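Biologist: I am new to this structure and would like to understand the words used for it. Can you take me through them one at a time?

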Amino acid sequence: MTRAVAVDQMFVTLNHALVAYVPAVWRPLASAVLGVVTVMVVFLTLFALTVLLERKGLGRMQNRYGPNRVGPWGILQPVADGIKAIIKEDVVPQSADHAVHFLAPVLIVVAAFLNYAVIPVGRGMALTDLNAGVLFFFAISSMVELGVFMAGWASRSKYSLFGAMRAIAQMISYEVPMLLAATATVMVAGTLSTTRIVEMQATYTGQIPHWFVLTPWGFTGFCLFMVAATAESNRSPFDLPEGESEIVAGYFIEYSGFKFALFFIGEYLGMMATSAMAITLFLGGWSAPLACLQWFPTWGWFFVKLVALLCGFIWMRGTLPRLRMDQLMNFSWKFLLPMTLVNLVATGLWRFLPVGWERWLICGALVVVPYALLGRSINWQGRKVAVRRYRYAE
Amino acid sequence: MLGRGIVEGMLETARNFLGSYVSRERLTTVQYPEERLAHIENARSFPFLVYDGADWQAGMRCVSCQICEKECPPKCIYIEKSVDKKPDAVGRPQNYPKVFNIDVSVCMSCQICVEVCPFDAIKMDVEYELGAHDRFGGLLLDKQRLSKSNEYYHRIHPTEAAAVDAALAEERAKMQAKQQAAAAAAAAKAAAPVAATPSAAIPSAPATEGKA
Amino acid sequence: MSSAMHPAMDMAAERGMQLSPAGESGVQLLEVSMGPQHPSTHGVFRMDVVLDGEKVVKLKPVFGYLHRNHEKIAEKETYLGNMPYTDRLDYICSLTNNWAYALAVEKLAGIEVPERAEYLRVITAELTRLQNHALLIGFLMQDMGASGTPLMYAFREREKIQDLFEALTGSRMMSNYMRFGGCRVDAPAGWLAEVGKMVASFPQFLDEFEALLTGNEILMARTQEVGVVTRERAVNAGLTGPMLRASGVNYDIRKVDGYGIYNRFPFRVPLGEHGDTYDRYMIRVLEMRESVKILEQALKEIPDGPIQDPKTKPRNFRPKVGEAYGRIESPKGELGFYLISDGTGTPYRYRVRPPSLINLTLLEEMCLGHNVADIVVILGSVDIVLGEVDR
């Protein structure tokens, strides 16, 4: 058991050991800097791995290999992409607003990285233990929208303006269901602190953990949160702002070279950050899925769950066509938002009903029935959508 | 509704993802140039000139009739007739091409030259790796580059080559029979008036044939 | 969005570009040129679109980027020499192009076609229809953003059909296979068995494809009630092919003319009711299923025999003076060739009725009032190939 704990806490002990070389007055700063550098390195590596995973995953879904020339199994492909992005010429349109044009990708990446400050990656391994961690997270992710709009506006091109308008509308509309889905967890946990929320989920009855996703309201909340997270990071099927086949890359059409790569880094980091928050809020953060599996280090479980969610994102991207703008907005305001409100009611009831099968039944029904009703009545721009039967000529 | 179609779609994709590790059906990539697709027998890429035997100049079947040049739709064949003659595939002395160029960057692989050739001299090759560094000279194939042996023809199009060989053998047999008949007739004619003329006309020897 | 806040408009004004007049709500309209280099315009095709926000107010298709003087070249080439050029009209469906041209010339010169050749023609034409519809659906989904997955599945099947074509005609796409009075070469040994295998496995592919697509809510939401063409409008505009049948008009030239031996095959013609993009997509899927049935029957019934009249010579073909119009149901619509012969070896006038171009004339009407994202979907469902539109 102590061996497992040692492995689990090895980064914390490493941090303490390295910081001991610094005079006492500088130790807090050194510890923070070390933590920040580690987070940046780890998540950038994860970004590289995700890019490769996505291309190979999409390839396999499409009956082909992904990239497999650059290293064994294409492992060095992200390195090749990075080198390509860096050595490309940086073309900036003459009429563009140069300062804003430069700052937009920087802002997006900085905001994306700031998100990781409150994610507990392992036991006792959150960079900061804020009392209002969840609030901080959502506040920072709104900065990304500002960056997107800066990119579109400053490029002074019709296509990029189009993309920026669409992106802003989409991201703002999907913030609301995401927040409300997260609020359900906050209601039950009674705290905004991410470390406390994870610690509450890290207890077990028998082998089953107390993850919030294993309750009706938690499952619904998780699904709603993931759908809203897909839209927040402009991933398929919500990737109309970068609608490749219509407006050819939308708001970052005028970017080339490393700034283009920065947009992708920002998008993928955002995706990973919202997945990490979903794991924290619903999937029990760093806790193991079964009590007997606790020998595996907690940061290991966190990354396993993160990669699983990323695979889910890639799976959705490979399968689904994209939604049109108005359908996107309809979906958010007329389906997701009412569902999150219903979910809040279910959460509240769950908290106050006595433990037993009754509360499962009531909360389950409270969630499933509106889903069926809303789903059936959803009409896209006033027209009914249904499977049709066809007749043949006589 | 209610997401069922989406779930079905995602199951389909998952099936292809997992299937790609298991069956060749679901992973149809051929890693060119390390692997190559099996050559389909009837495929065609660009024309080549067939020659019989070992010497490509002596065994060339083409008699420079210029029918392929006239019928070629994009007019990519350029032929210059020779002045002297050499025996062709069945033994008749015919002209041969002094210059025979095909501009492969113009050729559209329509195979009409093959269809109209009365001498089975031009056939379709299957070679498609014809990259060159020079757009004009490198893609203008001359007589020597175009000439490939009958064995090569058998390798790439066995059924067709066998049929062509059978037809040519038949023609040669007919040719030989005709010549023997002509020789016999000439001998008979020479033998008949031997009493009238003091010297017997010596029949000329039949022309040598180039056999494959 | 007044012009003071709209940088694109400022830039346009600075450069003296023509601005469209203000729309009905008093806002400036945005003029966008989609193409000719665009991932979703199915070739070199340009659309000048005027937008009011996201709604299309005006759309002008501009084509001609692939014009290759096909009809003029044909006046200088012999009849046989024109056959390879017809491959390159609708370059995806080369065998049906060949058949239409051969049909026109056979009408002109009064040539009969032997039985086996007719069956081979039907088999190759239906295989062409299968691969064209599969390709089209794949590209429609690609334009809609399903990052290439349905496209790859469709191409996987299409590769099998193209391998069959290569074994029969020598080339995967540019087949140059039909001749006046039959086909150029007979099927090699084992080819018909291979086709049988491919046809037997095709319905399973269609089932998988439909599981991925037909019930997909996002697909339905994107395509239903988008790009509607009413019956009367379709007939008046001269539409043909799956577009016409999706609007509910029962007109399939295979049934109407019964050219070749199509009246021996009892296949059904699916009809749509709404005339929107979803109907066009579904009609094509149902047509694929019907083609599979035709293929099964043709493979069973194909007789032995010659594939061309043994007396025909490829050279010096001189039909008598006259004119003829030969048309077939190509996968895109009614493909017709109008030939006028003046007794010499080259046609006097050679005219192609391109179904893609005529189906394209209604593009503006279909797109008005829809979003920018719908333009691409509607264009995809019209099924154009620029080789045919521009010739």
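Biologist: How do you know that strand β1 (residues 47–51) of chain B and β6(B) pair, and in what sense?

Modeller: This is a predicted model, so everything here is computed from it. Two strands count as paired if at least two bridges are found between them. Strand β1 of chain B and β6(B) have three bridges, in the antiparallel sense. That passes the cut-off, so they pair.

Biologist: Which residue stands opposite B:Phe48 in β6(B)?

Modeller: B:Lys123 does.

Biologist: What makes β6 (122–124) and β8 (147–149) of chain B edge strands?

Modeller: The order of this open sheet is β6-β1-β8 in chain B, and its pairing is mixed. β6(B) and β8(B) each have a single partner strand, so one side of each is left without a neighbour in the sheet. On average, neighbouring strands here are turned by 50° against each other, direction ignored.

Biologist: What is the strand order in the open sheet with β2, β5 and β7 of chain B?

Modeller: The order is β2-β5-β7, three strands with antiparallel pairing. Here β2 (77–81) and β7 (140–141) of chain B are the edges, since each pairs on one side only.

Biologist: How many bridges do β2(B) and strand β5 (residues 97–103) of chain B pair over?

Modeller: Five, in the antiparallel sense. Pairing needs at least two. B:Glu80 has B:Val99 in β5(B) as its bridge partner.

Biologist: How is chain B divided into domains?

Modeller: Domain 1 covers 1–37 and domain 2 covers 47–163. Their C-alpha centres are 44 Å apart.

Biologist: Which residues make the contact of α5(A) and α6(A)?

Modeller: From α5(A), they include A:Val100, A:Leu103, A:Leu107 and A:Ile108. From α6(A), they include A:Ile140, A:Met143, A:Val144 and A:Leu146. By class, this contact has 17 nonpolar, three polar and no charged residues.

Biologist: Why is α11(A) called roughly perpendicular to α1(B)?

Modeller: α11(A) and helix α1 (residues 4–22) of chain B pack at about 105°, with axes 9 Å apart. The range for roughly perpendicular is 65 to 115 degrees. The angle falls inside that range, so the term applies to α11(A) and α1(B). The contact is made by A:Trp315, A:Gly318 and A:Thr319 on α11(A), and by B:Gly9, B:Met10 and B:Thr13 on α1(B). These residues divide into two nonpolar, four polar and no charged.

Biologist: How many residues does the contact take from chain A and from chain C?

Modeller: Chain A gives 39 residues and chain C gives 40 residues. On the side of chain A, α3 (27–61), α7 (158–189), α11 (298–319), α12 (325–352) and β3 (391–392) each supply at least two residues. By class, that side has 16 nonpolar, 10 polar and 13 charged residues.

Biologist: What makes β3(A) and strand β6 (residues 270–271) of chain C a pair?

Modeller: Two bridges join β3(A) to β6(C), and the strands run antiparallel. A:Arg391 stands opposite C:Leu271 in β6(C).

Biologist: How is chain C divided, and how far apart are the centres?

Modeller: Domain 1 is 3–62 and domain 2 is 70–390. The C-alpha centres of these domains of chain C lie 35 Å apart. In their contact, 14 residues of domain 1 meet 17 residues of domain 2. On the domain 1 side, β2 (46–52) and β3 (55–62) of chain C each supply at least two residues. The largest share, four residues, is from β3(C). That side has eight nonpolar, four polar and two charged residues.

Biologist: How do you know that β2(C) and β3(C) pair?

Modeller: Seven bridges join β2(C) to β3(C), which run antiparallel. The cut-off is at least two. C:Leu51 stands opposite C:Val56 in β3(C). The hairpin of β2(C) and β3(C) has two residues between the strands, and C:Gly53 takes a positive phi near 70° there.

How values were computed: Residues are numbered from 1 along each chain as its sequence is written. Chains are lettered from A and ligands numbered from 1 in the order in which they are written. This is a predicted model: local features need pLDDT of at least 70, side-chain atom pairs count only at pLDDT 80 or more; totals for chains, interfaces and linings use all residues. Two residues are in contact if their C-beta atoms, placed from the backbone, lie within 7 Å. Ala, Val, Leu, Ile, Met, Phe, Trp, Tyr, Cys and Pro count as nonpolar, Asp, Glu, Lys and Arg as charged, and the others, Gly among them, as polar. Domain bounds come from an automatic or database domain assignment. Axes are lines fitted to C-alpha atoms, for helices over the stretch in contact, and angles run from 0 to 180 degrees between N-to-C directions. Angles under 35 degrees count as roughly parallel, over 145 as roughly antiparallel, 65 to 115 as roughly perpendicular and the rest as oblique.
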